[in-house]
Structures are given as C-alpha cells and as structure tokens.
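User: I am new to this structure and would like to go through parts of it. Could you start with the terms?

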Amino acid sequence: MLRNCSPYTFITLSFLALIMVGTLLLCLPFAHVSGGGFTFFEALFTATSAVTVTGLTVCDVHSTFSIYGEVIVLLLIQLGGLGILTLSSVIILLITKKISFYTKRLVSEGLNHEAKIDLYSHIKKVVFVVLLIEAIGAALLFFVFVGQYPWYKALYYGIFHSVSAFCNAGISLFRDSLEGYTMHWGMNIIISLLIIFGGLGFTAIIELYEYLIGKRRKISVNSKFSTLITLLLLGVGTFLFFILEYRYTGELTDGSVQQRLLVSFFHSASLRTAGFSTVSMAGISGATALLCMLLMFIGASPNSTGSGIKTTTFGILYLGVRTSLLNKRYIEYSKRRISWQLFNKASTLVFIAFSYIMIMAILMMYFDRDKEPIKVLFELMSAFSTCGLSMGLTSWLSTPSQVILLITMFLGRVGPLTIVLAFSRERNVGKYKYPKENILIG
C-alpha cells in the first residue's frame, strides 16, 4: 500500500507521524515538571516546533520539561533536521546493506537531491558530516559553558545547543534564548558557524570539503550558486541590521563598533534559518523587523536543515529579472544556461508562499485585533520559514492564531518541497496550440 504512495505523500506522513509520537512522549508524566498545568496542545505545539526545527514555543522549555522531556525535544530536533527517512535508510543499510529502488526514491526526495547519485555513499557522508559538525560544536560550546556550570551540565548544554544550532531549530535551554551571551565572542561565533553550515546544505558542505582536500576537481554549479547567495545575504544582512539598529537597540548603542558588528553578524546568520537571538526582538525598530521578515522569507539553501523559499529560488528570480531587464534570451550563470522553466517554478513557489502568508496574516490579525500587526506578521513569517525568532507574542496569541502558527510551521518544513514536486510532474498535453495573444502589463 505504501509503495503506491507518492514520495510527497510519504514524506508528509512521516513528519506527521513523528510529530504525533513526539507529542505523546511529551505528554507522559516523567517528561514535564509536575504541577505546571501542562496541556496536550502545548505538547503538540512543542513537538511540531521541534520536528519542523522552528523554535517557536508557547511554554518555556527549560522550566516546563524535565531532563527526560528535554532529551525528547533534542531527539525530535535531530530527527526533524536530518530527516526521518534518512535515518530510516541508515538503519536499513546497517541491517541489510542495501536499499530498494522505492526507498532510494523516497530518500532522494526527502534530501531534495537527484536520484541518480550513489545514494548509499551520499547517505553515509550526510550522516557523518552532521554528527561530526555537531560533535565539534558541542566540544567547543562545552568550554564556553564549563566556566559557569559543572562539567556534566556544561557537556549536556553544549550537545543540546550544538544540535539545535546546526539543525537550525533555535530552541534554547535558557528562557531568554542567548541574550545572556550578547557580547560573548566565543558563543556568537560558534553558534553562527553551526547555523551557517546547517543552512548551507549537506551536499554543498560535502563538496566544499572534498574540494579543499583535493578529492574533487570542481564544485557543482548548484553548490557554488547556493554558497554565493548565502554569503551575499549574510554580508548584506549584517550591514543592514547594523545600520538600522545603530540608534535603536540598547545593546548595540552601549557597545563598541566591533561588538555591534558581532551582534549584527549573529542575527544575520540566525534570521534566515535558526531563531537564536542575543538581543530582544521585541525592542527592534519597524524597519529592522521588515528586514528580518525578508531574510526569514528567503530562508536557507536546498538540501539543508532550514526552510523558507530557499536561497537558490531567490537567486534564480534575480537572474531571471536581470535577464529580462537586459533583454537577453537565456538565463545564464557560471557559463551555464538556466531554463526558463526553472524560473517559472521559482516564481510559482514564491507566489504561493506569499499568498499563503498574506491570507494567514489577515486571519491572525482578525483573531488578535489588539496585537500590533507587524508583530503578528513577524511571528507568522518566523513560523513559515521555521526560523523561530519571536517578538514575544507567540504565547500571548489566541488559540486560533496559535493553531495557524502550528500549521504554518508544518507547511514551512514540508510545503516548499511539496510545491516543487506538485508542479514538476509531467502533464499530458494535447497536440495543438491556441493562437497567441498579448496582454498589456506594467
């Protein structure tokens, strides 16, 4: 029966199943602190946020859950970030040493990668890269935390925040995220690098590593393109955040130029995918909030732990617009021709995503008329991009608005892939063409 399901359907069901299992586990008495009035909806929202690696919560993770509950959240983050299908394939490979064609197709779609590659080798590389980077991050964060906590707690905090950062979940064991480390250079740099690598994409990381050690002669156009867009967005985001918040945020005003740049760089990295913050988002200016929403909407790169419309989608749109403005016939990049069909798919994805966000924003503003519209839109955009940054509004929203955020987190994690798959299927067309007609635009 399952073999008759499309990869899109199977991937969606796998995420839903993981969310429901996570919800039930978090509802168990040993998973949360007794006497806290913990509800099923809070468990569902937290599990959805963890599996979709978002970070938005309606309750404080550290004060609500026991150590067992925190470990459950950590496992959900890891499974959601790496992909349940990928880990399932690893188990199959360990047991049988081979996977079927159908499983290869599922994992290829789950990883958003071409099925023609050596999937056995690719899965091993992905898992190895993920665990290696998370282990290095945990070791480095251990030395940050060990000065404040006992070694076993510092190790636990290091592992939790390393996995959360690389998987771009943004869930912290501190009530105020990482605001206690606003000017801590070590914490800012380590977390930022974990976020950047997690949002860059598994394939790009593997290709860059193999290129540096001389195992690969050149990097693929796709990895080169996604890396370039990531670096450009990181630089532009840092500059604009620094300029827009220069006179508004107290933490930036009180610090030196270097410290202000550190805060700006951290949030430029975190905004598009992760959701950690070292300054309160509730205090940023309206202009900065709009910048944040734009970066969140773009999101991470394909084949990564992040969401959004993806950096390559944004890049393809830019190339297509530039080609039209220059009145050129073909979209070109790195001495390669990009098909207009890909530009059409990118345009369709952006249109559907933008339309969904606008409709949901209208509904949320209707349900919460007493809330500031820009803050409501910020929370919604954060949920769609699975970023997780909040202006402190999520827990104060009405239940209908929180349900919208819950659905949006799920669609944000699965939706972009769903849309691409839906519009990439071949359609049977008749052997005829209608007469061409021009419609005035602009």
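Analyst: Helices (H or I, at least four residues) and strands (E, at least two) are DSSP runs, numbered from the N terminus. This is a predicted model, in which local features need pLDDT of at least 70, side-chain atom pairs count only at pLDDT 80 or more, and totals for chains, interfaces and linings use all residues. Residues are numbered from 1 along each chain as its sequence is written, and side-chain values use heavy atoms, with hydrogens and water left out.

User: Which residues of α14 are buried?

Analyst: Buried means under 20% relative accessible area, exposed over 50%, and partly exposed in between (1.4 Å probe, protein chains only). In α14, the buried residues include Thr288, Cys292, Met296 and Ile298.

User: And what do they pack against?

Analyst: The buried residues of α14 pack against α11, α13, α15, α16 and α17 (373–384), where contact means heavy atoms within 4.5 Å.

User: Now α15, please. How far does it reach?

Analyst: Helix α15 covers residues 311–325, 15 residues in total, and reaches 21 Å from its first C-alpha to its last, close to the 21 Å expected. Its buried residues include Gly315, Leu319 and Thr323. Among the elements that the buried residues of α15 pack against are α14 (286–298), β1 (331–333) and β2 (336–338). Just after α15, Asn327 has a positive phi of about 55°.

User: Why does Thr323 count as buried?

Analyst: Thr323 counts as buried because its relative accessibility is 3%. Leaving aside residues up to four places away in sequence, Thr323 touches Lys328, Tyr330, Ile331 and Trp340.

User: Changing topic, which residues form the nonpolar patch on the surface?

Analyst: Val21, Leu25, Leu28, Phe30, Ile67, Tyr68, Val71 and Leu75 form that patch, with about 700 Å² of accessible area together. The elements giving two or more residues to the patch are α1 (7–27) and α4 (67–82). Patches are made of residues with over 30% relative accessible area and no salt bridge, with nonpolar side chains (Val, Leu, Ile, Met, Phe, Trp, Tyr) joined within 5 Å and like charges within 9 Å. A salt bridge is a side-chain nitrogen of Lys or Arg within 4 Å of a carboxyl oxygen of Asp or Glu. Accessible areas come from the Shrake-Rupley method with a 1.4 Å probe, and for residues only the protein chains shown count as cover.

User: Which element gives the most?

Analyst: α4 gives the most to the nonpolar patch, with four residues. Tyr68 lies in helix α4 and counts as exposed because its relative accessibility is 53%.

Technical notes
The expected span of a helix is 1.5 Å times one less than its number of residues.
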